[in-house]
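This report describes selected features of one protein model. Please keep the sequence and the structure in view while reading.

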Amino acid sequence: MQLSPSPNLGSRRQLIWTTVLVTLVVSVALAANYHDITTSLGDTDDAMRLVRVRELLAGAGWYDQWTDRLQPPHGLFMHWSRLLDGGLAAVIWLARLAVSPATAELAVRFIWPLLWIGPAVGCALVMARRLGGGAAVFVCALLLIADMQLYSQFKPGRVDHHNVQIVMALIAGTCAV
């Protein structure tokens with residue numbers, strides 16, 4: 001029996017466990033190095049997303065895209081989809097059942113971007129398996145752990161649409177491969 005030079009991560013079960021392991025390692029590394037989200041709203045996209053989610057939680061209509069805070073005093077119609085606002089608002093609303101509203105929002109701002117790492121890693125590993133087999137999955141997993149710059153849009157506090165868009169593009173790419 002000849003031993004392979006790298007672990008065979010080509011089976012479905014091994015791929016799932018590799019995805020879980022890489023996701024945990026990356027999430028712990030990002031969580032350990034996150035910036036203080038209690039004093040900063042991140043960039044303008046994160047801050048505007050929170051404004052839209054807070055308006056939705058306060059009773060704004062689903063189809064109400066009017067934003068007074070941009071281009072004052074006239075305001076403007078926001079082009080962002082409400083789907084992401086709805087997801088964030090739902091998770092905040094559920095968290096409010098257990099903790100205070102302020103704590104719920106902070107928890108969701110911390111956890112939301114980390115939740116999208118798993119699907120992103122899974123898509124990358126599935127593409128690697130499809131294109132190069134089990135050895136490619138091993139190499140891809142090592143690269144996903146070693147290159148933390150890949151996760152700049154997945155850091156705690158990043159609640160804008162970029163991390164979700166990246167995952168959706170990876171899903172489309174995985175389906176195409």
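A residue is buried under 20% relative accessible area, exposed over 50%, and partly exposed in between (1.4 Å probe, protein chains only). The model is predicted, so local features need pLDDT of at least 70 and side-chain atom pairs count only at pLDDT 80 or more, while totals for chains, interfaces and linings use all residues. Residues are numbered from 1 along each chain as its sequence is written, and side-chain values use heavy atoms, leaving out hydrogens and water.

Two residues can be set side by side.

| Residue | Relative accessibility | Class |
|---|---|---|
| Ser-100 | 39% | partly exposed |
| Asp-85 | 1% | buried |

Ser-100 lies in the loop between helix 3 (82-96) and helix 4 (101-115); helices are DSSP runs (H or I, at least four residues), numbered from the N terminus. The side chains of Ser-100 and Thr-103 form a polar contact of 2.8 Å. Such a contact is a pair of N or O atoms within 3.5 Å; within protein, one must be able to donate a hydrogen and the other to accept it, and residues adjacent in sequence count only if both atoms are side-chain atoms.

Asp-85 belongs to helix 3. Leaving aside residues up to four places away in sequence, Asp-85 touches Arg-49, Arg-52, Val-53 and Leu-56, where contact means heavy atoms within 4.5 Å.

Definitions and conventions
Helices (H or I, at least four residues) and strands (E, at least two) are DSSP runs, numbered from the N terminus.
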